[in-house]
Amino acid sequence: MTYKISRRAFLQASGTAILAAGTSAGVLAEEQKRTAPVIAGNTLVPAPLPKAKGPRVVVVGGGWSGLTVAKYLKKFDKDLDVVLIDRNALFVSCPMSNLWLADQINMDFLTHSFLDAARNNGYIFFNATVVDLDRESRKLYTEQGYIDYEYLVLAPGIDYDYQRIGVEDIEAEYYIRNNYPGGFVNASEYLTLKNKLENFRGGTFLLTVPAGNYRCTAAPYERACMAAAIFKRNGVKGKVLLLDHNAEIKIKKDGFQNAFEQLYPDIIQYEPSVDIQSINLDSREVESEFDSYTFDDASIYAPVRASRLIEHMGLVDPQSLQKEAHIDPFMNHLVGDEHVYVTGDARSQPFSKSGHTANSEGKFIAEVIAAHRKGERLEWRSPQTMCFSGVKIDPLEAMNIITYYKYDKERKTFGFDRVHLVDVWSVKSGQAGLAWAEGMFKDMFYT
Ligand SMILES: Cc1cc2nc3c(=O)[nH]c(=O)nc-3n(C[C@H](O)[C@H](O)[C@H](O)COP(=O)(O)OP(=O)(O)OC[C@H]3O[C@@H](n4cnc5c(N)ncnc54)[C@H](O)[C@@H]3O)c2cc1C
């Protein structure tokens, strides 16, 4: 089956008639269907968990944010009864997965046990899917039953927002999501992408960089380098076509520019300011306002939004294009509810959506909750963003950056504070990146 999708919102299936899908009423109805709460019968019984042995804090999402919050809640207040919930039974890290694509680390490096994390740090892990929330009665619903909470931390990460590249039809979205996965949300996507890159036999491999505050600013550029390195190693006459919505490389600009030109001059074709208007899945063609680009295979990174769970729960800030939660920008609690917090990539502050940011913010928010219980208040502390980007393999060579944030009272938003940038790649930085990741896994999974 083939589809043509476009910003003008039409769908053409196998040459059949064009179906208008883009009226605002139609789009709204579709969106409502997608975000309607799912309440099954067994959500009305208590979840099968031990009785709370203290004030219960429930953390939703065992990613970089939730794992950190759960561990540090127990560190800051050992009397809290902490439950971490994730719908997955196994943790597979997004950070470092680009290096795994190019065989610089193995899968063991990325995978970790939620059970170990919970046992080592004295909290409960519950493998379940959260479906709804009743803030009035402080009840969180999972598909296996409800949980009463004293405090709730929502750290469910992101979803793709295909509508922002003109994909308004669910079938077309399904086709792209499954055949050209972005590789920025879950481990199945990474496996598919690895297979695609490893088995690519020549032609053009399309990668995209979306608009907005997408997950991990440097990762799409790093991924282009890793894909090019794989083609080079495998002797494949392939091109990596990197279409960037942005006017220029968003981070480590000189470093990535140099890497594209010096390491992969005949492989990476970088095109900035490409606002994707339509994707013709039949002819494998991407159209912008001025140009069109054909491809043989692709990984299409759609713009991101906060996890749909935030919207299911009715917590979206109406001003937020990325459907992020309406939270206090300093303490991360919902506006008007100091018992519910949103952290990690689902937050609304414009911090870098990165694992390191989620980890350092998570420690602070755990401390904020422990203090709130004692009737105390903390001063805001900036999260830290640290990011290593591999550009060369065998041996791995990388660049890195560390940043902090400060609040601009006039503009009422956050900007960068101190920035330490090393945009010259080296083996030393490649090794430092691996050591950084080991340290982070140790922090989240061990005592
Ligand atoms: C390829 C790639 C490379 C990256 N490289 C780096 C890097 O080098 N450095 C860096 O710092 N960051 C990097 N990042 C970014 C980093 O992965 C994210 O910023 C980080 O994972 C965000 O943490 P989080 O906890 O908010 O979300 P996540 O880690 O996505 O965790 C969210 C969790 O919530 C769970 N969940 C969602 N909904 C439900 C539900 N309804 N019920 C139960 N559970 C639910 C999910 O299963 C998931 O485990 C990279 C990301 C990618 C994809």
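What we have is a predicted model, in which local features need pLDDT of at least 70 and side-chain atom pairs count only at pLDDT 80 or more, while totals for chains, interfaces and linings use all residues. Residues are numbered from 1 along each chain as its sequence is written, and side-chain values use heavy atoms, with hydrogens and water left out.

Let me start with the domains, whose bounds come from an automatic or database domain assignment: domain 1 comprises 1-36 + 165-303, and domain 2 comprises 41-157 + 307-382. Across their interface, 26 residues of domain 1 are in contact with 22 residues of domain 2, contact meaning heavy atoms within 4.5 Å. The two domains bury about 2100 Å² between them, 51% of it on carbon and sulfur atoms, where buried area is the accessible area (1.4 Å probe) that two parts lose on being put together, summed over both. On the domain 1 side, Tyr190, Lys194 and Asn213 lose the most area to domain 2, together 31% of what that side buries.

Turning to the ligand, there are 34 residues around it, and Asp86, Arg215, Asp345, Gly355 and His356 come nearest, a residue being near if one of its heavy atoms lies within 4 Å. By class the shell has 14 nonpolar, 14 polar and six charged residues, with Ala, Val, Leu, Ile, Met, Phe, Trp, Tyr, Cys and Pro counted as nonpolar, Asp, Glu, Lys and Arg as charged, and the others, Gly among them, as polar.

Which backbone atoms approach the ligand? A polar backbone atom of Asp345 is 2.8 Å from a ligand oxygen, one of Val130 is 2.9 Å from a ligand nitrogen, and a backbone N or O atom of Trp64 lies 3.2 Å from a ligand oxygen. The protein covers 95% of the 990 Å² of accessible area that the ligand has on its own, by the Shrake-Rupley method with a 1.4 Å probe.

Finally, the backbone: the peptide bond from Asp394 to Pro395 is cis, with omega near 0 degrees, and Asp103 has a positive phi, near 60 degrees, although this residue is not a glycine.

Note on methods
A polar contact is a pair of N or O atoms within 3.5 Å; within protein, one must be able to donate a hydrogen and the other to accept it, and residues adjacent in sequence count only if both atoms are side-chain atoms.
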